[in-house]
Amino acid sequence: MGILQTLISYLSAHPQPLKNPSSSLHLAQHAPIFLSSSEATKDTQETWLVYEQLLLASLRSGDDHSARLCLQRLGDRFGVDSPRVRALTGLYDEATATSPSALEEILQRYDTILRDDPTNTAIEKRRIALLKSLGRTEEAITALTKLLQHSPTDAEAWSHLAALYRAQGLYSQSTFCLEEVLLIHPNAYNIHARLGETAYIAAGNDTEALTDAVRYLCRSVELCEWYLRGRYGPKNRGGAKRKGD
Amino acid sequence: MADVQNQMILRDPQLFYWILFPITFVMILTGVLRHYATVLMQSEPKKQDLKAIREQRNLLHGISLRQNLHQLPFASFLSRKNHIVAAYKRGEYLKDPSLVGQSAPNPMTDPAGMDQMMGMLKNNMAMIVPQTLIMGWINAFFSGFVIMKLPFPLTVRFKSMLQSGVATRDLDVRWVSSLSWYFLNLFGLRAVFNYILGDDNSADQMAAQMQQMQPVAGANMFGPGADPNKMFLAEVENLEVAGNQHEWVLNGVEDRVLSMY
């Protein structure tokens with residue numbers, strides 16, 4: 001079995017390798033072998049998906065050299081101006097930036113790209129992520145609300161916004177965003193659990209609100225029996241509620 | 001007629017090399033050629049501007065609210081519904097508010113529609129031209145030949161399928177004429193194309209025709225000719241109706257969870 005085949009089957013077994021460190025490390029370790037093999041020149045759809053994943057994985061594990069190579073080949077194939085390659089280039093530059101001023105420069109580049117082509121959602125999201133990592137939460141929130149005005153069916157953006165609002169202590173706004181996520185993915189048990197947690201934090205001593213929190217957590221357990229975060233929820237909240245009474 | 005099963009026809013064995021094989025070969029080659037021609041002629045998907053995206057996604061937002069309304073407590077559903085209904089009625093999300101009330105634009109003059117038409121036309125050309133050519137070629141050179149005998153018996157019903165172009169009543173059904181061989185290839189080469197060109201090829205004419213018969217329903221929703229304002233107003237009605245049947249999923253969830261154990 002060739003290296004390309006190995007990687008494709010690995011990716012189909014782990015659809016989101018960036019979710020945990022071990023699978024991204026595994027991928028990144030294969031990156032140099034793949035890049036120097038003859039199969040890396042195959043021009044099929046799968047090859048380029050593998051390239052993209054390898055780029056992300058090697059960035060995560062600090063293998064900047066492989067990442068550079070992946071990015072270069074993607075750029076050669078699809079053109080440096082394609083929206084997706086642009087976003088990946090931005091990601092690479094962000095990851096290898098050494099000083100805050102370099103990040104500021106990247107931010108300005110994003111602004112220019114967005115002015116030329118306001119439909120480039122990938123860059124818009126990178127800009128938001130960069131704003132967040134620069135610690136400018138308010139600006140990130142503004143940018144997110146702008147994005148959600150033109151695409152209110154983007155669950156990722158809504159949940160991101162919910163997290164930002166929650167970090168600011170704006171619980172009712174956060175709840176609103178999480179409810180929007182539920183409208184798009186009605187069976188997302190983790191979102192139900194997070195709603196429960198938010199409701200609990202916001203409730204204080206209000207018994208009715210606490211009941212709602214317990215109900216949300218119950219719903220997450222109902223949807224996914226072994227969702228521990230949902231399970232620990234009602235237990236703790238139950239104790240707290242008794243104390244409150 | 002009595003001894004139809006053991007009918008013998010003296011054929012030149014060269015028929016196999018000069019008819020059966022060439023027809024198959026040419027059919028496969030045209031399939032491959034068509035695939036690459038389609039790939040070459042594909043125009044890049046056109047970029048939508050931000051306002052069009054906004055219009056579509058906001059309509060989808062309303063639809064998802066209507067479909068998943070039971071996930072929300074009644075109060076938050078109601079506030080969302082009122083907001084969306086008001087915005088839809090005002091036409092806030094419309095790409096071009098000045099078009100409200102005018103009749104739907106003629107799809108022939110809409111540039112976006114033109115693109116789609118051109119794509120369809122190109123596809124059709126890629127399908128019809130080679131089909132006509134090969135059909136003519138076979139009719140001109142090979143019509144009327146009986147080229148092979150199937151190794152298994154068949155019923156009389158298959159006669160029209162296997163012996164088109166050879167009008168003999170008494171010939172055993174197992175004999176296949178050249179024109180029929182062409183048709184068999186036309187319908188039956190899909191597996192070969194899948195093997196050569198990969199799964200997602202556009203070599204097979206039958207698959208392409210099938211697609212034309214039943215266009216994908218979702219893609220047509222925002223197609224040219226549809227009036228977005230009317231779609232928004234229809235969604236308003238749907239939302240109002242759906243709002244009367246609201247029931248929160250979280251009602252009684254504690255009992256449901258407890259009864260799981």
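Arg231(A) puts its charged end over the ring of Trp226(A), 5.1 Å from the ring centre. By "over" I mean NZ of Lys or CZ of Arg within 6 Å of the ring centre and within 35 degrees of the ring normal. Arg77(A) does this too, with its charged end over the ring of Phe78(A), 4.9 Å from the centre.

A word on the source. This is a predicted model, with local features needing pLDDT of at least 70, side-chain atom pairs counted only at pLDDT 80 or more, and totals for chains, interfaces and linings using all residues. Side-chain values use heavy atoms, without hydrogens and water, residues are numbered from 1 along each chain as its sequence is written, and chains are lettered from A and ligands numbered from 1 in the order written.

Rings of Phe, Tyr and Trp (its six-membered ring) pair if their centres lie within 6.5 Å; planes under 30 degrees apart are stacked, over 60 edge-to-face, the rest tilted.

How many aromatic pairs are there over all chains? The count is 13. Take Tyr88(B) and Phe232(B): centres 4.7 Å apart, planes at 50 degrees, so tilted. Tyr88(B) is in helix α3 (residues 74-90) and Phe232(B) in helix α9 (residues 228-243), 144 residues apart. Helices here are DSSP runs of H or I, at least four residues, numbered from the N terminus.

Tyr88(B) is buried, at 1% relative accessibility. Phe232(B) is buried as well, at 2%. Buried means under 20% relative accessible area, exposed over 50%, partly exposed in between (1.4 Å probe, protein chains only).

Next, Trp137(B) and Phe142(B). Their ring centres are 5.2 Å apart with planes at 80 degrees, so this pair is edge-to-face. Trp137(B) is partly exposed at 27%; Phe142(B) is buried at 11%.

Technical notes. Helix = DSSP H or I, 4+ residues; strand = E, 2+ residues; numbered from the N terminus.
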